[in-house]
Amino acid sequence: MTIERELDTIDVNFNVGPQHPATHGVFRMVLTVDGELVVDLEPVIGYLHRGAEKLSENCDYRQAIGFQDRTEYLAQFNAELCYVIAVEKLMGLEVPERAEYIRVILTELNRIASHLMFMGAFSADLGVFGTLFMYAFRERERMQDLFEEISGDRMMYSYFRVGGLAWDVPQDFVERTRWVVKQARQGIADIDGLLTRNEVTMARTRGIGVMPADQAIDWGFSGPMLRATGVRHDLRRAEPYSIYDRLEFDIPVGTQGDVYDRYTVRLEEMRQSARIVEQCLDQMPKDGPVVAPGLKRVLRPPAGEVYMRTENPRGEYGIYLVSKGTDKPYRLKIRSPSFCHLAALRDMVVGHYVADAVIILGSVDIVLCEVDR
Amino acid sequence: MSAAQERREPGVKETPIVPPPPGSVADTFKAALPDVEFVANQGVLDVILTVAPQDVPRVMRAAKDDPRLAFDFLRCLSGVDQMEQGLEVVYHLYSFKHAHNVTIKTLLPADDPQIPTISTVWNGALWHEREAHEMFGIVFQGHPDLRPLLLEEDLGYHPLLKSHPLAEIEESQEDFLREEAPAAAATAAGAPPAPVDERAAKIALAQKKAEAMKKAREEARAKGLSPEDEKAFVQEALKTLEEGS
Amino acid sequence: MADDTKAEEFHVVHDDPARAISDVVPAELRRRIKELSPVETDPNQGKALYRRILPGVLQMHADTVIALARKSSLWPLTFGLACCAIEMISTHMANHDLDRFGILPWPSPRQADVMVVSGTVTKKMAPAVKLLYEQMPSPKWVISMGACATNGGPYTRYDRVLQGVDKIIPVDVYVSGCPPRPEALMDAFIQLQKKIMEERGKIGR
């Protein structure tokens, strides 16, 4: 028996506040809902604005590497790589081969670790609270152990230096990394088996949060968010940096640009990263210098500017560096992918339910430190 | 301006202008917009074009619509504080169709930094321009919503300007409470929001006080006073400063 | 006493403890007590009756029991602000498990015991932190995790950053590190447990 009634309703305005288990950090959404349907959304950011750009203008080029770690705290090596390559391009430095290979290995392992964190948080948003988070962190802990053996820290490595690395890797680096990659492949297979053909996942994520390709490019999407819409664009192929032009890997793309495509693109990217790491381990020179020779202790790049961009797990991470010939950067602007993706959150969420808003936000895979810097 | 000049390190060099090789995107721009004046420079990775502020909307619209240029992707929009020369706005563009990049720069006067918005051309510019506005004070005319994004509303200053100093390290908890108390008292009294100049004057006064405190502390430590004497010394120095101003 | 016969039943005669027990306690239980306590004479002679009937009973101050209960079931508010949040999550996960201490992350401040401020507190976020602290019911504790929450950390020179969360809320344990290792956070929880036991006289704080 159905009851039909004409009701006078008001749209409710409520706050998914800065402290919320689903918002991946201090992010606030002000939702206007009609029942459960989201009518309007206003993202409020800036709760973690710590002035990394201003403070980098007061450190020298080596100290600023630490700020890059803390800006992108899930893919630290990627951010360090972008910054370090920016300064090297400005100075016209050439990095030794061994250092390049080690950098790429660590960067790609960090990409796997970052995507594992995404898998954990994404499954938590879907409702699978404990299981997949535990699996993802099991693999991440192995990688963090490896990174700790190399750099001394579990999270904020500060291991890359302008011109190479801070010091050489331990002697068992190759065997340890091969073991870590093998375990990571098993972890990826676990996650794949649990989520990809899962009826609940597909019902909850297919057709949700769709962003078509032309609009995505207009908003400034990049990385897995753009590849999920079908645009086969990867900065490691389009504008190669470091030694990526010698490596073979595929670029996974999605079809519709919905949440399910973003998940599958990231899953496949993890496999491709594992492939890259294995190739690098085979091709890496057995010994050699790890830092460019003849570098002074205090770096003074020549006056100029550079906009260096690399493919981060989240998208295109850019460092716009202006130097006036002194020992401190004059302007260090960080172009963060999550910032550009969040600007389009309203267009992706309006018209869906509140529960879908949480999943769409999770699929954007934001890191608040880089949104707010 | 003297503080800014003091902060400048010795040996500051300006960027040398190197013209780009022929056949680069600079020539395409010149062909597409013959009446706009471009200063082309070959940067480390991209070609850098400097234009006048009033030409920026036309250049951006042509960059997106012209089929030879087809810049559909706004990578980044940054502000740079060039101190005496003014405020610079830097746009980085990329084209998916032709796979080329360009950097477009424009220099605005420091006392009146206004430039038309390009959020009508690319949606991605909306948030970038909001951030540049609150960090540098650059006004983007025609922007639908120029509220602060990362900072609180009506803060009264722009943090990323070179003239804005870093915060001093507060040694005790009372520093923060003392700083907040006058502001709370003002709002409790129902005072209207202070205009920008007054706020800036208040900040300048606070900075002077901090300087005086630091100097007094150093002097006291050099003399070897005990902590209570040091505190008294610092209080005296602050009193003389207040009486003097 | 109104009913004298009942009082006689429980009345204890001190010069013949064995007879006093046999009056009240059934034979079976008496046998078990004899098995458990092999001494000839009753070691609980002169003590309260319940000690002779149930020798395994502990008696302690209510404060101790309450403090023991509170420290064994600390529910932290899931309050990850910045990078330290990732290490906090790592500490909850299987490798450095925190659940074995009874620590269960809880999203709502109304049922949380301890607030782990993990990350930089900016001046924009400070009112929210204070509101969350006030929403937590007493007894509550605060662990300031990481350099940023302790004194502003690497970002202390920026004027939008609060130089330490103890400027707005009282902190019980500080953990240093950027970010602190999971073992350091575990140590912080253990120190907090010790503190709860030491402060057990102050009920309802």
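Hi everyone, let me start where two chains meet: 29 residues of chain C are in contact with 26 residues of chain A. By contact I mean that the C-beta atoms of two residues, placed from the backbone, lie within 7 Å. Before going on, please keep in mind that this is a predicted model, in which local features need pLDDT of at least 70 and side-chain atom pairs count only at pLDDT 80 or more, while totals for chains, interfaces and linings use all residues. Residues are numbered from 1 along each chain as its sequence is written, and chains are lettered from A and ligands numbered from 1 in the order in which they are written.

Back to that meeting place. On the side of chain C that touches chain A, α6 (84–92) and α7 (126–135) of chain C each supply at least two residues. Helices here are DSSP runs of H or I with at least four residues, strands are runs of E with at least two, and both are numbered from the N terminus. The biggest giver on this side is α6(C), with four residues. Sorted by class, the side of chain C that touches chain A has 18 nonpolar, six polar and five charged residues. For those classes, Ala, Val, Leu, Ile, Met, Phe, Trp, Tyr, Cys and Pro are nonpolar, Asp, Glu, Lys and Arg are charged, and the others, Gly among them, are polar.

Let's stay with α6(C) for a moment. How many of the nine residues of α6(C) are buried? Nine of the nine are, so this helix is largely enclosed by the rest of the structure. Buried means that 20 or more other C-beta atoms lie within 10 Å of a residue's own, again placed from the backbone; exposed means 12 or fewer, and partly exposed is in between. Among the buried residues of α6(C) are Cys84(C), Met88(C) and His92(C). Their cover includes α5 (131–151) of chain A, along with β2 (114–118), β3 (141–145), α8 (146–151) and α9 (182–198) of chain C.

That brings us to the sheet in chain C. Four strands form an open sheet in the order β1-β2-β3-β4, with parallel pairing; two strands pair if DSSP finds at least two bridges between them. At the edges are β1 (76–77) and β4 (173–175) of chain C, each pairing on one side only. Three bridges link β3(C) and β4(C) in the parallel sense, and Met145(C) has Val175(C) in β4(C) as its bridge partner. Our helix α6(C) packs on this sheet and touches β2 and β3 of chain C, with its direction at about 135° to that of β2(C). Such angles run from 0 to 180 degrees between N-to-C directions, and the axes are lines fitted to C-alpha atoms, for helices over the stretch in contact. As a whole, chain C has nine helices and four strands, and 37% of its 205 residues are buried.

Now over to chain A. Here an open sheet of three strands has the order β1-β2-β3, with antiparallel pairing. Its edge strands are β1 (12–16) and β3 (37–44) of chain A. Seven bridges join β2 (residues 28–34) of chain A to β3(A), and Asp34(A) stands opposite Leu37(A).

Chain A also has helices worth a look. α3(A) and α4 (residues 97–126) of chain A pack with their axes 7 Å apart, at an angle of about 140°. The two are therefore oblique to each other, given that under 35 degrees counts as roughly parallel, over 145 as roughly antiparallel, 65 to 115 as roughly perpendicular and the rest as oblique. Phe77(A) and Leu81(A) are among the α3(A) residues that meet α4(A), where Leu106(A) is one of the partners.

Then there is α6(A), residues 173–195, which reaches 32 Å from its first C-alpha to its last. Its buried residues, including Val180(A), Ala184(A) and Ile191(A), pack against α4, α5, α7 (199–205) and α11 (259–283) of chain A.

Finally, chain B. Chain B has seven helices and seven strands, and 28% of its 245 residues count as buried. Where chains A and B touch, the contact takes 36 residues from chain A and 33 residues from chain B. On the side of chain A, the largest share comes from β6(A), with six residues. That side divides into 14 nonpolar, ten polar and twelve charged residues.

Conventions
Expected span 1.5 Å × (residues − 1).
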